[in-house]
Amino acid sequence: MSEAKCILLVEDNADDAALTLRAFKRSHVMNTIALARDGIEALDFLFSRGAHEHRAGEPLPTMVILDLKLPKLDGLGVLKAIRDDARTRLLPVVILTSSKEEQDLISGYSLGANSYVRKPVDFNEFLEAVKVLGIYWLMMNQNPPERAGP
Amino acid sequence: MKISTKGRVAATTAFLTIALVAGMIWWANDEVGDANERRRETTDLARGLTELRLVTFEYMLHRHERPREQERRVHERLERLIADSPLAGDAQIEALGTLRRRNQEAHRLFLELAATPSVEGTSAKQAEAIRRFEAQVSSRLLILQQESLADAFFLTDFSTERINAAQQRVVLVIIAGLSLNALIAGAATWFIRRDVLSPIARLQQATREVASGDLDYQLHNDSDDEIGETARNFDAMTHSLRTSFRQIERSNQELAALNQEIEAFSYSVSHDLRAPLRSMDGFSLALLEDYGDKLDAEAKDSLQRVRAASQRMGRLIDELLGLSRVTRTELKRGPVNLSEVAREIAESLGHQSPQRHVEWRIEEGMTVHADKSLMQIALQNLLENAWKFTGKTEQAVIRIGMRVVDGAKACFVADNGVGFDMTYADRLFGAFQRLHHENEFSGTGIGLATVQRIIRRHEGKVWVEALPGQGATFFFSLKEPVP
């Protein structure tokens, strides 16, 4: 696992995507970051299909950062698809969203989200959150063993 | 027929029956009285006859003038009694006639006896003839008197019989009257059961059914009396209840739909309104970080202002959502230890600003019956307020306790901070109302509006006492505090 694998960021808002990338950069997260702009694209990336057919055989991202409010398939739908598939069942998924609604939190955790981070308006606070995320999920946490490709 | 009409008919019938029976008893009693009078008269007759007999004996023995005179008076009295007797009926009139004839005959014989010359001074033969004549007259007289007495007793017996007959009639009339009344009472009971008690029982059953929630229950009573009308009114009432109930159900559905819309709206606000703010703050910071060396102080200040404004709007959105959530969430009452909640909030405020020294005086054992999460929000706002407005006080003291105000328990949060002029106190609990400038004390002006909503949802009230420069005390009382 010497080579840093990529992180999949699922985010439809270009500004939020740019800010998240900036936060990762400033937190010294060196992994490449792949961007999916809706739920279907995220699943295509993970399961190497559609526009991402060429990824077949490539390893899964080290973690998925998932927005909840997405076009086509929303974040909770993506999470459910990830947990329903044997290949991605153990993939770390962090929900990153504006929503503070209790219902979203409960559904997120009950569908198997590993973490739930709220996007604060203050970028410095966001930076702190991303730093903690990076440290926990990319450095401290030992990922589950890679499974054989499909 | 109406029940009141039936009642009147029954009452009239009963009254008439009673009047009839009373009349008959009165009449029969009159008969008894009349018969008694007759018997008394016949008894007088018998007594007179007995007296006459005694007088006759006395005269026969002594031949005095006094018994003669007495005989005349008694005879005349008897004549009058017989003449005045109101006795009717063939047998009686015949008996009376016989009595009268015998009486007159007896009187005549008495006069004959009285007219008999004395034996004194007569020859033995003449005396013998006189005595024989006297004996003949006397014996006839006595026989006549004996027969008259028998006639009188016959009349007395007859009167007694009449009395008995009249008394029997009284008994019969009483028995007949009582039977008739019993019959009327029985009929009345049957009618009351059929027309009053059974319909009332059905009405009772119907009220029970409706009370237990069956609004479709109908009586369908078509009788034209008062209960029938009540039953029809009852059916009309359940009908209008059903209509109202359906309207309420519809309104409730509309309200639920509306509530869902508000939920969706709040979700959008929470999610979408914050995104542009993040961009504003984030890219302003990016500019400051990446091009800080190329910007002068004014440009940096402007960017800081953009950031501050974005963050403030973020807080506003959060607090408005909080305010709306306070109104929307379901109230779950239970025992809440306010002392404990206050201590936790005080501790976390202390952690956030460790440089500040505030003396907390929290009364022990303050328990209320309320929604715990809402009371936490309310206390959080009140304590944050007190914390904020004692920020410029040298020896800040915040007291939380309970006190009896106007006979009810009220909780209070008192501080010795900047306070305010009570003139503006009523504006304090409106959303976005502030009594201080933003640059003096930061805040959105939603905190106290949230507190007021929470207290109102608990059917309580919140009020404040304050003096400029001397601090403020916020009070709140809840309905149904658990002692």
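Modeller: Two residues are said to be in contact if their C-beta atoms, placed from the backbone, lie within 7 Å. The model is a predicted one, in which local features need pLDDT of at least 70 and side-chain atom pairs count only at pLDDT 80 or more, while totals for chains, interfaces and linings use all residues. Residues are numbered from 1 along each chain as its sequence is written, and chains are lettered from A and ligands numbered from 1 in the order in which they are written.

In these terms, 15 residues of chain B are in contact with 14 residues of chain A. On the chain B side, α5 (226-291) and α6 (297-328) each supply at least two residues (helices are DSSP runs of H or I with at least four residues, strands runs of E with at least two, numbered from the N terminus), and α5(B) gives the most, with 12 residues.

Turning to chain A, 5 strands form an open sheet in the order β2-β1-β3-β4-β5, with parallel pairing, where two strands pair if DSSP finds at least two bridges between them. β2 (33-36) and β5 (115-118) of chain A stand at the edges with a single partner strand each, so one side of each is left without a neighbour in the sheet. The partner strand β1 (residues 7-10) of chain A pairs with β2(A) in the parallel sense over 4 bridges, and I7(A) stands opposite I33(A) in β2(A).
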